[in-house]
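I open this notebook to record what I looked up in one structure. The entries follow the order in which I made them.

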Amino acid sequence: MKKLKLYLETSIWSHYYTDDAEEQMRYTLLLFDRIEEHRYDIFISYSVIAEIEKAKGDKKLELQILLKKYQPIVLENFSEVYRLADGYIKSSALPRNSYDDAFHAAMTTTHGLDILVSWNCRHLTNEISKNKINMTNIQYGYRPILIFTPAEVMIYEKGQ
C-alpha cells in the first residue's frame with residue numbers, strides 16, 4: 001500500500017492542543033500517532049507557517065515545536081497555485097474572505113497530493129465546498145482532491 005500524501009492545513013496543527021473540542025483533539029492525536037508510524041507523508045506550505053507565526057504566546061511556541069517534531073515537507077509556491085486559488089474565489093467555490101483556505105486547496109491540488117486534511121467545516125470539509133472546489137479543479141485541468149477531517153482520513157485508509 002502506498003503512503004498517502006497529506007496536506008495538513010493550520011487547523012490540524014492547532015487542534016493538537018485544543019482543549020475545548022475534545023473529539024477533534026482525540027482524532028487529531030490519532031492522526032499524529034499514525035504519522036509517527038510513518039503511514040503518511042505530510043506536507044504544509046509557507047502559508048501554514050505564517051498562520052502559526054500569528055498565534056499568540058505559548059500557543060505559538062507549542063505549534064513551532066510541533067512543526068519541528070514532525071518535520072512536514074514545506075511545499076514551494078508557484079504561479080499556478082495563486083491562479084487556482086483565485087479561481088476558487090472567482091467561481092464562488094470559497095468566499096472572498098477565505099483566501100487562506102483557497103490557497104491550501106490549491107497547494108494540495110497543484111502538488112498532486114492525495115488529501116487536504118482540515119477541521120474547517122465552514123469552508124473546506126463540508127460537501128458543498130468539496131464539490132465546488134473539485135468542479136473548479138476540473139475546469140482548470142486538475143483532478144479532484146479529497147478533503148477530509150482526521151477521522152475521515154482514518155476511515156479512508158482502512159478502505160484502501
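Entry 1. Before the first look-up I set down a cut-off: a residue counts as exposed when its relative accessible area is over 50%, and as buried when that area is under 20%. I also note that this is a predicted model.

Entry 2. I looked up Gly141, which sits in the loop that links α7 (127-139) to β5 (146-148). Its relative accessible area is 65%, so Gly141 is exposed. I then took the C-alpha to C-alpha distance from Gly141 to Ala55: the two are 36 Å apart in space and 86 residues apart in sequence.

Entry 3. I turned to another loop residue, Thr18, located between α1 (10-15) and α2 (22-36). Is Thr18 buried or exposed? Thr18 has a relative accessibility of 10% and therefore counts as buried. I also checked the side chain of Thr18 and found that one of its polar atoms lies 3.2 Å from the backbone oxygen of Ser14.

Entry 4. I next examined the sheet. In what order do the strands of the open sheet lie? There are five strands, the order is β3-β2-β1-β4-β5, and the pairing is parallel. At the edges I find β3 (73-75) and β5, each of which pairs on one side only. From one strand to the next, the twist averages 35°.

Entry 5. Strand β4 (residues 115-117) runs parallel to β5, and three bridges join the two. For Val117, I read Phe148 of β5 as the bridge partner.

Entry 6. I looked for a helix that crosses the sheet strands. Helix α6 (residues 99-110) lies across β1 (4-8), β2 (40-45), β3 and β4. Relative to β4, helix α6 runs at about 150°.

Entry 7. My last look-up concerned a pair of helices. Two packed helices are described by the angle between their axes and by the distance between those axes. For helix α3 (residues 46-53) and helix α4 (residues 57-70), I record an angle of about 150° and axes 9 Å apart. An angle over 145 degrees counts as roughly antiparallel, and α3 and α4 are therefore roughly antiparallel to each other. Which residues make the contact? From α3 I list Ile49, Ile52 and Glu53, and from α4 I list Lys60, Leu63, Gln64 and Leu67. By type, the residues of this contact of α3 with α4 are four nonpolar, one polar and two charged.

Methods:
Residues are numbered from 1 along each chain as its sequence is written. This is a predicted model: local features need pLDDT of at least 70, side-chain atom pairs count only at pLDDT 80 or more; totals for chains, interfaces and linings use all residues. Side-chain values use heavy atoms; hydrogens and water are left out. Helices (H or I, at least four residues) and strands (E, at least two) are DSSP runs, numbered from the N terminus. Buried means under 20% relative accessible area, exposed over 50%, partly exposed in between (1.4 Å probe, protein chains only). A polar contact is a pair of N or O atoms within 3.5 Å; within protein, one must be able to donate a hydrogen and the other to accept it, and residues adjacent in sequence count only if both atoms are side-chain atoms. Axes are lines fitted to C-alpha atoms, for helices over the stretch in contact, and angles run from 0 to 180 degrees between N-to-C directions. Angles under 35 degrees count as roughly parallel, over 145 as roughly antiparallel, 65 to 115 as roughly perpendicular and the rest as oblique. Contact means heavy atoms within 4.5 Å. Ala, Val, Leu, Ile, Met, Phe, Trp, Tyr, Cys and Pro count as nonpolar, Asp, Glu, Lys and Arg as charged, and the others, Gly among them, as polar. Two strands pair if DSSP finds at least two bridges between them.
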